Amino acid sequence: MSTSVNAGSRLDRLPIGPFHRRIMFLIGIGMFFDGFDIYLAGTVLGVTLKTGFSTLPQNAMFISATFVGMMLGSFATGFLGDRYGRRFTYQFNLLVFGLASLAAAFAPNMTILIACRFVMGFGLGAENVVGYSTMTEFVPAKTRGKWLGLMAVCVVTGLPVSLLVASLVVPEFGWRAMFVLGGVGALIVWYLRKSLPESPRWLEAVGRTEEAETLMQSIEKEAAQGQPLPAPAAAATIPASPDLATLFTAPLLSRMIVGSVCLITINTLLYGFVTWLPVFFIKQGLTIATSFGYSLVMALGAPIGSAIGALTADRWGRKPTIIGASLISVALGIIYPTISDPMLLPAVGFALTVPIYVLVALLFGIYIPELFPTEVRLRASGIVNTLGRGATIVTPFLVVMLFEARGVAGVMALMIGLLVVQIVTVWALGIEPRHRSLEELKRDETAPALVKQAT
């Protein structure tokens, strides 16, 4: 039976104001610390390798443990978030990550550090799913791409910040200090985020209409700031089915395929290339300091690329931006392994990093959460994130094998192949959500499997 809260249309017609900025800050700062921790792997592993605390195979195990944890975290969060709500889930995963990060700082050997990293990965995978999905459900359709893209900027700013902090902290205090900083930061944010509201769209979708209405009135009062609000659009009359089976029948099956291919590709680009850069440089004979310096220059492309994605997604559309950034990445990926000049190497690397992070903003932050209805958004996002993380469990071992056999060119060949598959998949199967409400996307295709039978 349909409800009368109409949370989606009422949220979409709100002017951007202090309410949205508060939500953005509290979710974004938590995701920044997740990004900080994800990217500290490269800096920490370069040092543990150099000092003999770890071996190259153990480094691969460390990264794989991260992905196993992230894969399980992504999967579990999807079900927890759709069952118990967004608010419970984003607090739980941040607490898990923060405590495990502090424990990692005191690991006596690499085996224990890998075990701690697994638990950290669980929290990281969960945050990535629930953070973007929650923000998707709050921001208006016309500017959704920009706000979700800016969320991705929060995450990827963790890359240059992690490298910069590592270059200052690690020589003075050692690699363990990096885990202390990440853990303490996460726990502070966990405390601050207690004030975040639940998603009214989710409350309405699960039938908690009184709570949804009360919360909507509170949000509208805060957002209006004493000014009259425009009338909302008519409520959607056909809710989506909450059954998991709908994800594997038309029209959502094609969206699941698109999401899975895209996340397998971008995860492999990030964790098979970007996070390995310090290790690549050290193995090629550079000092730790020079490696950090080169990596930092390239890493500056991360927030720049994500910002470009955020600012263009609403203007150019999701599909053209994804396909364009993928093509540029392919072209630069072909050139990069041929560069040996010490000045050109970080410059071309920076140029390559920018379109990769345009894709990060579009895929993680904007496109994937938009593909699915509120009733199954976290489960669908969780499953495609699980496949993306799961596929990259083997990536570190492939990277070591390809790097030892053919150097950076071998690693880039894998990346280019995946990008080509992504281009074809998005072009053939992808939808275009630009400027369209989440409810409109839900009604976009009226396949019987998507419709909930009226009771």
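Which helices each supply at least two residues of the nonpolar patch? Good morning, everyone. The structure before you is a predicted model, and I shall open with that question. The helices are α3, covering residues 56-84, and α11, covering residues 252-272.

Let me now describe the patch itself. It lies on the surface and is formed by Phe 75, Phe 79, Leu 244, Phe 248, Leu 253, Ile 257 and Leu 429. Together, these residues have about 550 Å² of accessible area.

I would like to look at one of these residues in detail. Phe 79 is located in helix α3. Its relative accessibility is 31%, so Phe 79 counts as partly exposed; that class lies between the buried residues, under 20%, and the exposed ones, over 50%.

Is Trp 276 buried or exposed? Trp 276 is buried, because its relative accessible area is 3%, and buried means under 20%. Trp 276 may also be compared with Ile 63 in terms of position. In sequence, the two are 213 residues apart, while in space their C-alpha atoms are 9.9 Å apart.

Finally, I turn to a pair of helices. Helix α4 spans residues 86-104, and helix α8 spans residues 176-192. How do their axes meet? The axes come within 7 Å and cross at roughly 155°. α4 is therefore roughly antiparallel to α8, since angles over 145 degrees count as such. The crossing of α4 and α8 is left-handed.

Thank you for your attention.

Conventions:
Residues are numbered from 1 along each chain as its sequence is written. This is a predicted model: local features need pLDDT of at least 70, side-chain atom pairs count only at pLDDT 80 or more; totals for chains, interfaces and linings use all residues. Side-chain values use heavy atoms; hydrogens and water are left out. Patches are made of residues with over 30% relative accessible area and no salt bridge: like charges are joined within 9 Å, nonpolar side chains (Val, Leu, Ile, Met, Phe, Trp, Tyr) within 5 Å. Accessible areas come from the Shrake-Rupley method with a 1.4 Å probe; for residues, only the protein chains shown count as cover. A salt bridge is a side-chain nitrogen of Lys or Arg within 4 Å of a carboxyl oxygen of Asp or Glu. Helices (H or I, at least four residues) and strands (E, at least two) are DSSP runs, numbered from the N terminus. Buried means under 20% relative accessible area, exposed over 50%, partly exposed in between (1.4 Å probe, protein chains only). Axes are lines fitted to C-alpha atoms, for helices over the stretch in contact, and angles run from 0 to 180 degrees between N-to-C directions. Angles under 35 degrees count as roughly parallel, over 145 as roughly antiparallel, 65 to 115 as roughly perpendicular and the rest as oblique. A crossing is left-handed if the near helix is turned anticlockwise from the far one by less than a right angle, and right-handed if clockwise.
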